[in-house]
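Here's a quick tour of a protein model, put together for someone new to reading structures. Have a look at the picture first, then work through the notes below.

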Amino acid sequence: MKTIEAPTREELVRRASDLVPLLRRNALAGEENRRLPQETVDALTEAGILKMRVPHRYGGYESDMRTVVDTIAELARGDGSAAWTVSVWAISSWMVGLFPDEVQDEVFSTPDVRISGILSPGAMATPVPGGVVLNGKWSFNSGVQHSQWNTNAAILIGEDGEPQPIMVAIPVSDLTIVDDWHTAGLRGTGSVTTIAENLFVPQERVLPMIPVLQGQHRSVLNAGSPLYSAPFMPTACATICAPALGLARAAKEAFLERLPGRKITYTAYENQAEAPLTHLQVAEATVKIDEAEFHAHRTARMVDAKGAAGEEWTLEERARVRLDLGAVTQRAKEAVDLLNTASGGSSIYSSVPIQRIERDVQTVNLHAILHPNTNLELYGRIVCGQEPNTVYL
């Protein structure tokens with residue numbers, strides 16, 4: 001175990017910015033191979049990006065949420081798939097910090113370990129002496145082909161016959177990988193399906209999910225860290241909003257890079273940059289990007305502030321994080337849609353980034369946790385005095 005001095009937010013964002021040219025260069029290869037290129041993974045690792053949510057005692061940075069959001073958003077300027085995968089690795093690394101300390105010792109004993117994870121309980125767990133036996137599968141397992149560990153959810157049927165959701169930590173080598181990631185967007189994330197067949201998991205690597213969602217964990221050494229004072233869902237939601245924000249920024253950059261010298265075909269505009277319509281589109285997209293940034297930073301500030309103060313979260317505050325998440329993804333998509341619409345027929349070529357950005361942000365908006373309709377409805381029903389229709393708060 002070792003402790004190192006954590007880089008500042010500015011330094012980590014700079015490192016991410018330095019990676020943007022490489023990420024852009026490798027994005028098409030990631031799409032074609034349906035996973036991140038090894039060069040991209042190695043560069044992210046060497047830059048220390050994957051240490052942001054690793055405890056100090058294992059050489060991690062324990063970066064605050066605002067730093068995580070800004071760094072991942074910067075990565076998305078280069079490649080949405082890389083940013084999404086890093087967000088999953090960040091959440092899952094943080095999640096391991098909720099397990100007993102001896103489990104953390106085991107997982108983080110691998111240098112620069114990468115941990116992926118699934119929150120949806122896709123497997124059933126049967127209690128046996130010393131642990132549980134898992135059978136089932138998890139789809140959308142982003143980054144698992146480049147990972148050594150998985151933090152997955154399952155349903156445990158207890159002795160009383162009542163189902164109980166649990167979280168488990170599993171070596172990826174114990175799982176069967178099904179290469180089924182043939183999708184329209186975020187193709188480079190390699191979000192394949194993994195299968196557990198009669199897989200024994202020792203009891204120390206099993207956590208009841210409901211206490212985790214309520215902010216309780218079994219780590220003694222992490223108990224005093226502000227990083228682990230925040231509940232799971234606010235932490236996860238603040239993290240995964242960052243790729244959408246970065247994709248919106250990437251769309252604006254991609255559009256403006258192609259703008260000089262372009263005309264609007266079948267019109268008198270020989271220079272698209274002179275058309276009032278273009279001015280309105282760019283301005284409106286900028287407003288939406290700014291709005292997405294506001295919501296991303298608001299939720300990051302709340303996670304950081306309440307974690308540092310050790311404050312309890314109200315139901316409305318938890319729902320507001322879901323609201324902010326939905327707002328980020330919604331506004332990001334609206335901005336990208338505007339700029340993609342203004343990009344012309346030549347933008348459909350696979351070598352033009354805007355079409356990939358459009359598909360990636362659409363995919364983000366369809367994710368069950370990020371879907372704007374789901375998140376806005378959840379907040380609205382709570383402030384209207386109704387009970388939440390989910391435990392994922």
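Let's start with what the record says. In an unreviewed UniProt entry, residues 28-104 carry the annotation "domain: Acyl-CoA dehydrogenase/oxidase N-terminal". Keep in mind that this is a predicted model.

- For residues 239-371 the figures are 71% helix and 0% strand, with 15 Å between the end C-alpha atoms.

**Helix α8 and helix α9**

- Helix α8 takes in residues 242-258 and helix α9 residues 276-309; their axes come within 9 Å and cross at roughly 160°.
- Because of that angle, α8 counts as roughly antiparallel to α9.
- The crossing of α8 past α9 is left-handed.
- Who touches whom? On the α8 side you'll find L245, A248, R249, K252, F255 and L256, and they meet T278, V282, T286, I289, A292, E293 and A296 in α9.
- Sorted by class, the residues of this α8 and α9 contact come out as eight nonpolar, two polar and three charged.

**Helix α3 and helix α8**

- α8 has another partner to look at: helix α3 (residues 65-76), with axes that come within 7 Å and cross at roughly 45°.
- That angle is why α3 is called oblique to α8.
- This time the crossing, α3 past α8, is right-handed.
- From α3, the contact uses V69, I72, A73 and A76, while α8 brings in A242, P243, L245, G246, L247, R249 and A250.
- The class count for the contact of α3 with α8 is nine nonpolar, one polar and one charged.

**Helix α7 and helix α10**

- Helix α7 (residues 232-240) and helix α10 (residues 315-341) have axes that come within 9 Å and cross at roughly 15°.
- So α7 runs roughly parallel to α10.
- α7 goes past α10 in a left-handed crossing.
- The residues in contact are M233, P234, C237 and I240 from α7, plus V321, R322 and L325 from α10.
- By class, that contact of α7 with α10 has six nonpolar residues, no polar ones and one charged.

**Aromatic pairs**

- How many aromatic pairs turn up in a search of the whole structure? There are four.
- One of them is Y58 with F108: the ring centres are 4.8 Å apart and the planes are at 25°, so this pair is stacked.
- Y58 and F108 link distant parts of the chain, 50 residues apart.
- Y58 belongs to the loop between α2 (38-46) and α3, and F108 to the loop between α5 (101-107) and β1 (115-128).

- E62 has a phi near 50°, which is a positive value in a residue other than glycine.
- You'll find E62 in the loop between α2 and α3.
- F140 is another non-glycine residue with a positive phi, near 60°.
- F140 sits in strand β2, which covers residues 131-141.

Technical notes:
Residues numbered from 1 in each chain as written. Predicted model: local features only at pLDDT ≥ 70, side-chain atom pairs only at ≥ 80, totals over all residues. Heavy atoms only, no water. UniProt positions renumbered as here; feature names shortened; annotations may be inferred. Axes fitted to C-alpha atoms, helices over the stretch in contact; angles between N-to-C directions. Helix = DSSP H or I, 4+ residues; strand = E, 2+ residues; numbered from the N terminus. Parallel < 35°, antiparallel > 145°, perpendicular 65-115°, else oblique. Left-handed = near helix turned anticlockwise from the far one by under 90°. Contact = heavy atoms within 4.5 Å. Nonpolar A, V, L, I, M, F, W, Y, C, P; charged D, E, K, R; others polar. Phe/Tyr/Trp six-rings, centres within 6.5 Å; stacked < 30°, edge-to-face > 60°.
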